[in-house]
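I opened a new notebook page for this chain. My plan was to look up its overall build first, then some local details.

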Amino acid sequence: MNDLSNGLTRWTQRLRCGEQPSEVELREHLLAVHRHHTGFTESCAERCRDASGRNSYEWLAETVDPSRHQKVLDMACGSGVLTALCHQRFGGQIELIGVDMSPDELCLARQRVSDEAVLLHCALAQEMGFIADASIDVVLCHWALTLMNPVEPVLNEVRRVLRPDGVFAAIVDGEMAAAPGYRELHELIYDWVQREYPGYGEIDMGDPRVRTTAALAALAAESFDNAQVHIEPAVVRLHGAPDALAREAAGFFYASFVLSPSAHAEMLSELAALFAAQGLEGPNHFSMPINRLSVRQRSQ
Ligand SMILES: C[S@@+](CC[C@H](N)C(=O)[O-])C[C@H]1O[C@@H](n2cnc3c(N)ncnc32)[C@H](O)[C@@H]1O
């Protein structure tokens, strides 16, 4: 029931019946998606770049200053792209830890970062008791905070493990209107998914507050006392042929993985037509709005 081979997990079955899935069902669904599509996030995210040529992993890694930071946690590290980037950039200067709940993703992460000094833990971000209080300088989280429900225990754990002047930084969804064509693309994908799962979108993964800039700023301010909270927007782009863009963009959305094969194929051809229509105004591209959240604790 949880192998996703027919699109079905207990989480999607609940959506089909218009019911709210439980936290356990959300985790089972995430594990099933990551078992079947291991490493899917980086396929698109590594190649989407901002106007200065950086991808979102590179932008997030800029938070680390090796002259001040000794210990960095990549929370929900997935297949380890950001962990590997930090290892490559800061090498022996910093101690790195990766945490993720998916053993399939962690297997790829270990292949990517073979240095055993980089510790990788299979665990929930809500339960990181194996990391000591006030022991981490920077907690990074790339494209995963949006999926976490409940999110308060995650933020409590981040606050607990951070040193008094530590930093928490995360890449999350930006405002749809910030990237041209993004809302249309999002609606096209969700329209297809809602034909098979009417509740999808109304009910989604994670805590909805993480998806909007104002609510996320308020949540972060509530969760960290005496901290400076900043949210910086950016747009990243991927150029390519319409059918390649359709595959990459759809492959970035968890929603597209629950579609039946026939609906998935039809959705891809509609997406390709959407990208092809842009060609009249310039090169075909997928534009994605992102936000970088930074929470800087201030030592009392
Ligand atoms: C979209 S992927 C991003 C992976 C990686 N950070 C990247 O950007 O390449 C989301 C990751 O979050 C992990 N994840 C989701 N909820 C989690 C939780 N509560 N605790 C730990 N990991 C979680 C998933 O297993 C998955 O690897």
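I began with burial: a residue is buried if 20 or more other C-beta atoms lie within 10 Å of its own, exposed if 12 or fewer, and partly exposed in between, with C-beta atoms placed from the backbone. By that count, buried residues make up 41% of the 300 residues in the chain.

I noted what I was working with. This is a predicted model, where local features need pLDDT of at least 70, side-chain atom pairs count only at pLDDT 80 or more, and totals for chains, interfaces and linings use all residues. Residues are numbered from 1 along each chain as its sequence is written.

**Overall build.** I found eleven helices and seven strands in the chain. These are DSSP runs numbered from the N terminus, helices being H or I with at least four residues and strands E with at least two. The C-alpha atoms fill a box of roughly 55 × 45 × 40 Å along the principal axes.

**The sheet.** I traced an open sheet of seven strands with mixed pairing, in the order β3-β2-β1-β4-β5-β7-β6. Its edge strands are β3 (119–122) and β6 (227–239), each pairing on one side only. Two strands pair if DSSP finds at least two bridges between them. I then followed β6 to β7 (residues 285–297): they pair in the antiparallel sense over 13 bridges. Ala227 has Gln297 in β7 as its bridge partner.

**The core.** I looked up the largest nonpolar core next. Such a core is a set of buried Ala, Val, Leu, Ile, Met, Phe, Trp, Tyr and Cys residues joined through C-beta atoms within 7 Å. It holds 88 residues, and Leu82, Val139, Leu140 and Leu271 touch the most other members. Strand β5 (residues 162–173) gives the largest share, seven residues. I checked Leu82 for contacts (C-beta atoms, placed from the backbone, within 7 Å). Beyond its neighbours within four places in sequence, Leu82 is in contact with residues including Tyr57, Leu60, Leu140 and His142.

Most residues other than glycine have a negative phi, and most peptide bonds are trans. I listed the exceptions I looked up.

- Asn149 and Pro150 are joined by a cis peptide bond, with omega about 5 degrees. Pro150 sits in the loop between β4 (136–142) and α7 (152–161).
- Trp143 lies in the loop between β4 and α7. Its phi is positive, about 55 degrees. Trp143 counts as buried because it has 22 C-beta neighbours inside 10 Å.
- Ala134 has a positive phi of about 45 degrees. Ala134 is in the loop between β3 and β4. With 12 C-beta neighbours inside 10 Å, Ala134 counts as exposed.

Note on methods: Contact = placed C-beta atoms within 7 Å.
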